[in-house]
Structure formats: structure tokens, C-alpha cells
Amino acid sequence: MDIDRALGFIRANHRGILLTHRSDGGPQMSPIVAGVDSEGHVVVSSRETAYKVRNLRRDPRASVCMFSDGFYGEWVQIDGVAGIISLPEAMDALVDYYRGLSGEHPDWDEYRAAMREERRVLIRISPERAGPTRFG
């Protein structure tokens, strides 16, 4: 599967699992809601204090497995390198993330205040590989 096709799937299917690496090299997985930004990165909002963020700051390798709301059926995996954008620089990207997933917020000032209070960051994964390339 090519990366563009996998990103197209993620634009339409936002639920998945993010895999990062613990300090001992073992996997750490988190359920996520992901989108795709205008530059073709897989984007995920998280709290600054989350294990996934801590793991990615130490080891930026990341994989996402995204699936449809029905769970069974088509799915995609993207592997890549993640970067973390923290506040205040992350605010515009967090607004774009929300818009891409949910449309317009009823109160953008309230949304921005919540992002600051929750110490939100934006994880941006640069895709390097996508799959599956075959099934079964």
C-alpha cells in the first residue's frame, strides 16, 4: 500500500492505536483519534505528561494502526518518525486538528483555554512506510 492511500484512509477513519517504545525497548500502545494535516503528517493530540509523549521525546519511532468504526474490515498501518509541538507553538495546529476531525468548535476561546489547562501537545508523525501490502 502506498502512503497516500493510507493517509486517505486515515482522513476518513480516525480511530486507532499508537505504538511507541518504552525506555526498555518494549511496546507501549495507546488508543488515539488521529487525522492528517495539510502537509501529510498523521496528527494526534495528547497531554504533555502522557507516557506516549515522554516515549516519543526519547525515541521518535512511531507506528499507528488505524481501523474503521466497524473495527473489522479494512485497516492501515503507518510507521514513521514523530515530532512533538508543545504550547504555545502548538495552538494553531491543535485548532486545525480539531477542525479536521470535528469541524467548527462552538467557542474557540473555550477550546484554547482547555488546551492550555490540559497542557496539550500535537504529535506529528512523518510517514515512512504504509501497509498492509497484502491480506491473509
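Colleague: What share of the contacts in the protein with a separation of 6 or more comes from residues 24 or more positions apart?

Modeller: Such residues account for 70% of those contacts, where a contact means heavy atoms within 4.5 Å. This is a predicted model, in which local features need pLDDT of at least 70 and side-chain atom pairs count only at pLDDT 80 or more, while totals for chains, interfaces and linings use all residues. Residues are numbered from 1 along each chain as its sequence is written, and side-chain values use heavy atoms, with hydrogens and water left out.

Colleague: Which elements does the protein have, and in what order do they run?

Modeller: There are 4 helices and 6 strands, running α-β-β-β-α-β-β-α-α-β from the N terminus. Both kinds are DSSP runs numbered from the N terminus: helices are H or I with at least four residues, strands E with at least two.

Colleague: Why is Phe 9 called buried?

Modeller: Buried means under 20% relative accessible area, exposed over 50%, and partly exposed in between (1.4 Å probe, protein chains only). Phe 9 has 10%, so it counts as buried. Of the 136 residues, 43% are buried by this criterion.

Colleague: Where does Phe 9 lie, and what does Phe 9 contact beyond its neighbours within four places in sequence?

Modeller: Phe 9 belongs to helix 1 (residues 3-12). With those neighbours left aside, its contacts are Met 66, Phe 67, Ser 68, Glu 74, Trp 75 and Val 76. By contrast, the C-alpha atoms of Phe 9 and Gly 26 are separated by 28 Å, although the two residues are 17 apart along the chain.

Colleague: Is Asn 13 buried or exposed, and what does Asn 13 touch?

Modeller: Asn 13, in the loop between helix 1 and strand 1 (15-21), has a relative accessible area of 15% and therefore counts as buried. Not counting residues up to four places away in sequence, Asn 13 touches Met 66, Phe 67, Ser 68 and Asp 69. Its C-alpha atom is 9.0 Å from that of Trp 75, which is 62 residues away along the chain.

Colleague: How many aromatic pairs are there, and what makes that of Tyr 98 and Trp 108 edge-to-face?

Modeller: There are 3 aromatic pairs. Rings of Phe, Tyr and Trp (its six-membered ring) pair if their centres lie within 6.5 Å; planes under 30 degrees apart are stacked, over 60 edge-to-face, the rest tilted. Tyr 98 and Trp 108 have centres 5.5 Å apart and planes at 85 degrees, and they are classed as edge-to-face. Tyr 98 lies in helix 3 (residues 91-102) and Trp 108 in helix 4 (residues 108-117), so the pair ties together parts 10 residues apart in sequence.

Colleague: Why is the pair of Trp 108 and Tyr 111 called edge-to-face?

Modeller: The centres are 5.3 Å apart and the planes stand at 85 degrees, so the pair is edge-to-face. The two residues are 3 apart in helix 4, about one helical turn.
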